[in-house]
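Student: Could you walk me through this structure with a few questions and answers?

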Amino acid sequence: MKLPNFFVAFLLCFGSQFLLFGNTKAHTVSFYVHNKCSFPIWPAIAPNNGFPVLANGGFYLPSGQAHRVIAPWKWTGRLWARTGCNFATNWSPACETGDCDGRLECNGLIGTPPVTLVQISVQSDQTKPNYYDVSLVDGYNLPVSVSARPISAKCTIGGCVENLNSLCPDELKVLNDVGEVVACKSGCLRFDLDSFCCRKEYGSPNKCKPNVYSKIFKEACPSYYSYAYDSPPPLASCTAKDYVRCTSLTTLRKLHAKIFSYGLYHTSLWTKIAALYVSFERVDAAKFAFEFLSNPSSYLWNILIRGYATHGFFGQSLGLYREMMQKVGSSAFGVFVDHDHDVFIHWLLCLIYALNVAILESLRHSGLLEQGKKCFESMAKDFGISPQLNNYACMVDLLGRSGQLSEAEELIQNMPVEADASIWGSLLAKSRWKEVERVRRMMVRRGTNKVQGLSLIEFNNVVHKFGVRDRSHPQSDKIYDLLDELVGPMKRLGYVPLTDFVLHDIEEEAKEEALLYHSEKLAIAFGLINTPPGIPIRVTKNLRICGDCHNAIKIISRIVNRIIIVRDMHRFHHFEDGHCSCGDYW
């Protein structure tokens, strides 16, 4: 059977002080939601009664991106993915599947079925098992996998072997406005029969048996609950000892020092240390772990290549890639090819794919068109790997930056997968004003919605959210006053508002004002007001940072003498003393 080429992955990482060397008292659990679909999703979270709402109950997640959600150690609730959402209007429902009263942030509301539902219960007592499952009792919209680290069979729920939407009987189908199947109802949800819903006289395992519809669900997704009394129960049950401990940067440094002092030089251990350093924005420390090993693994090479690219150090990323090919070349893969086993072949293909993604990211954001084309073409030509949506996004952006707009548009038109908003948005950003409306019309014809830009900043364990021209925050007056005060010094240092980024036919002065109050600038102003001098400011944005904000933040970092780190949908931007780590390619 053909495997579906998209799914949503949930990684559970239960955190505390690191158990090996210190305090064993646990505090938090992290859920990492990874969108492996070729289109954006809007994950949602709802707690059971008596438990807190996490991440405001919902957020936007582009294709290929991951999002961390932190929960208290004892928590019970459910997670699901919404699809086809448009929050730019007041219409309800705003989503084709999983809608919660038309809201981006569900704030505890339950989504409208049918959806594929991840149900989780974690315990404060580490000796007791935690439970999680994937349920299709009310229906299906996307395939989902759930795993923990380190990966083990009993702590993993696999995805589906078939896309259930393509197998859904006509009477269960949920169609969108253009007639596409976007979800599949369960027999219980569709017909509301006691025998299907395991109610009343059928309310026991002995009386409630699989029905014709639950059998279809089970064949497509054998690891999920297909009906209420599915047997044997497809429930993952793991205790705290089955999980890797997530850690703070301070604890990671202490752990690193302990490992070094104990003389533990295992490649797999140092590879994990390097990966953690990259996740904490410390690529320099990851490089130390890399250089410490005389024979680093191919996986560790990829971690560092991607780490440099993600954090904007493109020269180092490209240099490391060339060094890898000179030192390792194809011989690194031969070890695995010699073993005639699906696991090794799968690992090999995933590694080659990941390396091409990492190097394409570097080339895209360095503006090296010809090298980018060669790398893109080599995926299919040399390795037999079909380019995916994120690879096409890299090439569209690279062509657009090089002024090859017609070639970029042709690539989009000929893609074997449907372009999402990020790809069209990339082309739109590179288009001249007279071409903007034509691109927008193409987006409308294809049903691509522009996602609202939001910026987040954490202060005192509270996440503050800002939208463009947002005045909902209690400190709005102070924030706007500070930005107004910064305009004069910014212009004296050469800042010129890039009004082309305001795609509306309004007066020039109004355009400048609109740019000044973009969400990332509001978040940075909040950080300047509330944090002591010298403390780095960290902002997360759900979309790509615009050119005007990029220029403005460079100058602001010089005026206020602060390091400002902005993570947009593509990478980290480290602003310091008027410069950005990306070298103005992003």
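Tutor: Happy to! This is a predicted model, in which local features need pLDDT of at least 70 and side-chain atom pairs count only at pLDDT 80 or more, while totals for chains, interfaces and linings use all residues. Residues are numbered from 1 along each chain as its sequence is written, and side-chain values use heavy atoms, with hydrogens and water left out.

Student: How many disulfides does a search of the whole structure find?

Tutor: A disulfide is a covalent bond between the sulfur atoms of two cysteines. Here a disulfide is taken as a pair of cysteine sulfur atoms within 2.5 Å. By that rule, the search of the whole structure gives 5 disulfides.

Student: Which handedness has the link of Cys100 and Cys106?

Tutor: The sulfur atoms of Cys100 and Cys106 are 2.0 Å apart, and the two form a disulfide. Buried means under 20% relative accessible area, exposed over 50%, and partly exposed in between (1.4 Å probe, protein chains only). Cys100 is buried at 1%, and Cys106 is buried at 0%. With -75° about the S-S bond, their link is left-handed.

Student: Where does Cys184, the partner of Cys168, lie?

Tutor: Cys168 and Cys184 are joined by a disulfide, S to S 2.1 Å, and both are buried. The torsion of 85° about the S-S bond makes this link right-handed. Helices (H or I, at least four residues) and strands (E, at least two) are DSSP runs, numbered from the N terminus. The pair links distant parts of the chain, 16 residues apart: Cys168 is in the loop between helix 1 (164-167) and strand 10, and Cys184 is in strand 11.

Student: Which residue stands opposite Cys184 in the strand pairing?

Tutor: Two strands pair if DSSP finds at least two bridges between them. Strand 10 and strand 11 (residues 181-185) have 3 bridges and pair in the antiparallel sense. The residue opposite Cys184 is Lys173.

Student: Which strands stand at the edges of the open sheet?

Tutor: The open sheet has 3 strands in the order 8-11-10, with antiparallel pairing. Each edge strand has a single partner, so one side of each is left without a neighbour in the sheet. These are strand 8 (139-140) and strand 10 (173-175).

Student: In strand 7, what is the bridge partner of Val118?

Tutor: Strand 6 (residues 117-122) has 5 of its 6 residues buried. Strand 6 pairs antiparallel with strand 5 (residues 75-82) over 5 bridges, where Leu79 has Val118 as its bridge partner. Strand 6 also pairs antiparallel with strand 7 (residues 130-135) over 5 bridges. There, the partner of Val118 is Val134.

Student: Why is the disulfide of Cys198 and Cys208 left-handed?

Tutor: Cys198 and Cys208 form a disulfide with sulfur atoms 1.9 Å apart, and both are buried. The disulfide is left-handed because the torsion about its S-S bond is about -70°.

Student: How far is the sulfur of Cys546 from the closest cysteine sulfur?

Tutor: Cys546 is buried, with a relative accessible area of 11%. The closest cysteine sulfur is in Cys549, too far for a bond, at 3.6 Å.

Student: Is Phe288 buried or partly exposed?

Tutor: Phe288 is found in helix 7 (residues 283-292). At 40% relative accessibility, Phe288 counts as partly exposed.
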